[in-house]
Amino acid sequence: MSSSLLLVFLLVLSAIAFHLGRRKALAVGRASGSPRSLHSRPVYYGALTALWCGLPAIVLFVLWQTLESTVIVRLTLSTLPDEIRSLPDASLGLVVNDIKNLAAGNSFGGIKDPAIEAAANYYRHLQDIGSLIQSGALTVIGLVAMVLGLSRISPKLRARNQVETVVRVVLITCSTIAIFTTIGIILSVLFEAIRFFQHVPLTDFLFGLKWSPQTAIRSDQVGSSGAFGAVPVFTGTLMISALAMMVAVPIGLMSAIYLAEYAGKKVRAVGKPLIEILAGIPTVVYGFFAALVVAPFIRDLGARFGISVSSESALAAGLIMGIMIIPFIMSISDDVINAVPQAMRDGSYALGATKSETVRLVLLPAALPGIVGGILLAVSRAIGETMIVVMAAGLSANLTANPLQAVTTVTVQIVTLLVGDQEFDSPKTLAAFALGLLLFLVTLMLNVTALYIVRKYREQYE
Amino acid sequence: MSQKQKTTIEKVNKGLARRYRAEKRFKFMGLSAIVLSLTFLGILFASITYNGYTAFEQSWVQLHVFFDPELFDAKNLLRADYDGLVKKSLRETFPDVKGRSQKRKLYGLVSSGAAYQLQDMVVADSGIIGTSQKVWVPASDDIDMLMKGHIDRTTPESDRLVKDVQLGWIDQLIKEDRLQMRFNRSFFTAGDSREPELAGIRGATTGSFYMLLITLLLSFPIGVAAAVYLEEFAKKNRWTDLIEVNINNLAAVPSIVFGLLGLAVFLNFFGLPRSSPLVGGLVMTLMTLPTIIIASRIALQSVPPSIREAALGVGASKMQTVIHHVLPLAFPGMLTGTIIGMARALGESAPLLMIGMVAFIVDIPGGVTDPATALPVQIYLWADSPERAFMERTSAAIMVLLAFLILMNGTAVLLRNRFERRW
């Protein structure tokens, strides 16, 4: 039985258990007078029986699914002759792949080794037995637990409380997923990054001025060393983010001010959602647009004035990224400006200030912490933005302050290092994780600071 | 009092003109900021549409093919020389073509997919062997570009992909009504291909669909459960604070970091299949969860406490209160948040690059563990291809993607307007 079918079967079994449990509860209730003599409503007895039937089986199912392949591979390997088993891990992995492919029935070309063929047969055999045992065990456990659950039904059984406890545990588990995700992110980048720093010292990485991660395949090749000085990558990221902020902050802020203070109801009702469409456009579309329309336009414009502009200039990527961030800055500024109490505006108008003076001298200073928080969040987005820079910015790590040249960013490097064939012991691949760690830490710092500022600011006016 | 000293009102009046000018300037700046953003939005949509609308049509060439019985082996219909059939038919249409290079140019008129089309015809109905058929096959991408006006006939021949002799043949075909523009159905029904005229988005949309299915099935229940716990049950303590900080931070973590997580945990640690919508869906689940949790909590907050108190007052348990009364009222808000989260997941591509959903995959995935790619990743892949015809297809794929997104966000807005209740 395939695993998804098995899961459906378990769910059906639970549904049957629910029905039986409810019926039994009603019968028990009637036997002892009226259904009202039951502690809980019959549905809860049904739900409890369903949980009895389903939970242990599903836990076993999940455990089995995660462990099955490892166990089967171990068992299969133990049947192989010694000379194969003593192979290094990497080539052993290839052998395992061969066996799996052969067992799945897609053999590419003639398989050479009768030992491997035998192993594949054994593997398939184990898989069949495994799935048979699994189906059997799950059915038996489900049925036994269902009968056990049914036998426990009595008017005194506190079914509702027990069901609610289970539901509560499920709710708590779901809410902790956020924590596990964070831990998962940290662990997954940290381990590989540490391995990277065993190859390349931390100081070289943080302060080195040359970035060329292309390590050679053979050790005697030219340029085999690879240089992992990340400073050009950082400056590139900073430059593109700074360009983006130069576009997004003034436009976003002014749009928010206009919509919040000047625009009539109708303009606001139309303008705000229209600008927010910009936020919903996938970044890959921006990237395509930047590479297809904006970059050539800037290059041609430069050529007309006799300036040489790289076709992957930082300017194009930064410009488009800025436009992507406008709605983000706008909605945060809009929120914080609206949160400034009306009394402050009224006070300013009463003193004879014009609208713009009120905005500049009263509202903006009052809303400043919130706006700064929003800008920090926007910077964190710009730093982490991937598709626009992958498509519109370059790959070469130039250490330059000229926005007309091509620069590269942290995210571009992560993508180029990790897309394609990977070898998890070369510093080239591991460097991506080191960059990822850095990216995560920097954005984490920005986010936490920004969220703290915004929160403090909200409390101030509440 | 000296004469120079002015009264306050005089001072104010003197500066008034300047101040009103400043006011006007400021207002103008605000308006122009909005106009600028909207102009950009307009340019973006216009350029995508302008580049992409032609991809919904395609040029087809009519061939007169004689399915020569000598060429076919009844046992193995797949093996016959279909390419040769196409070439022969072309040679018969233009009998005066001589020489290798001329012939190669002639064969360049039709797509390499033509042979497969003939193959499919024969496999579907072997009765056509021995008959002569008129078959419409896709033209090659260069011819297609010429027909759509993307290749200029007036450029010098050396700079032009379509040569002068080919122009002559094309004109003759057009005159005989054997070269036509038709609705490009294969764009919606085919998988990816190296040949622009054969490439379609079906594989990518199917991949996106499976991925979103996994994401929806996981992130909606988990997100709602987490929001319910945090909003209705959790006590205010350090642990809850930690969870909250985590959720807010995860909402702002760059998406590519989730890709790294997926690569290290789901692929390398759990050994799930690479390039599969399953892994993509898991990564997207983690990525959209914060959005859904935050939206669901806001929806729960908007349910007035009096509802809860009334339910508790007539003897419902806390859990019954939440499930029977609070959740149904908060449901539209939660659904809106989920749809917006799904729309975000549909447009996201960076994490998918990390987990291998960026491969060249021709087959249409048949399940969540088959290798697949997603619509935005397909756009990324096509955008990298040098052929002019792929640019058109990229834009068309973007139009399809945007249509989906507008549909989803529109549904969300509609839901919100329809079910939003002011208490």
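**Entry 1: the sheet of chain B**

I looked up His64(B) and found that its bridge partner in S2(B) is Lys134(B). The model is predicted: local features need pLDDT of at least 70, side-chain atom pairs count only at pLDDT 80 or more, and totals for chains, interfaces and linings use all residues. Residues are numbered from 1 along each chain as its sequence is written, with chains lettered from A and ligands numbered from 1 in the order in which they are written.

Strand S1 (residues 57–66) of chain B pairs with S2(B) in the antiparallel sense over 7 bridges. I take two strands as paired if DSSP finds at least two bridges between them; strands (E, at least two residues) and helices (H or I, at least four) are DSSP runs numbered from the N terminus. The open sheet has 3 strands in the order S2-S1-S3, with antiparallel pairing. Strand S2 (132–138) and strand S3 (179–183) of chain B are its edges, each pairing on one side only. On average, neighbouring strands are turned by 40 degrees against each other, direction ignored.

I then noted helix H4 (residues 113–124) of chain B, which packs on the sheet, touches S1 and S2 of chain B, and makes about 135 degrees with the direction of S2(B). Axes here are lines fitted to C-alpha atoms, for helices over the stretch in contact, and angles run from 0 to 180 degrees between N-to-C directions. Contact between two residues requires C-beta atoms, placed from the backbone, within 7 Å.

**Entry 2: domains of chain B**

I found chain B divided into domain 1 (8–53), domain 2 (58–190) and domain 3 (202–419), with bounds from an automatic or database domain assignment. The C-alpha centres of domains 2 and 3 of chain B lie 45 Å apart. In the contact between them, 8 residues of domain 2 meet 5 residues of domain 3. Helix H5 (141–147) and helix H7 (186–189) of chain B each supply at least two residues of the domain 2 side.

**Entry 3: chain A against chain B**

I looked up the chain contact, which takes 66 residues from chain A and 65 residues from chain B. On the chain A side, helix H6 (residues 159–199) gives the most, with 20 residues. That side has 42 nonpolar, 19 polar and 5 charged residues. Ala, Val, Leu, Ile, Met, Phe, Trp, Tyr, Cys and Pro count as nonpolar, Asp, Glu, Lys and Arg as charged, and the others, Gly among them, as polar.

**Entry 4: Ile388(A)**

Leaving aside neighbours within four places in sequence, I list among the contacts of Ile388(A) the residues Thr283(A), Tyr286(A), Ala290(A) and Met324(A).
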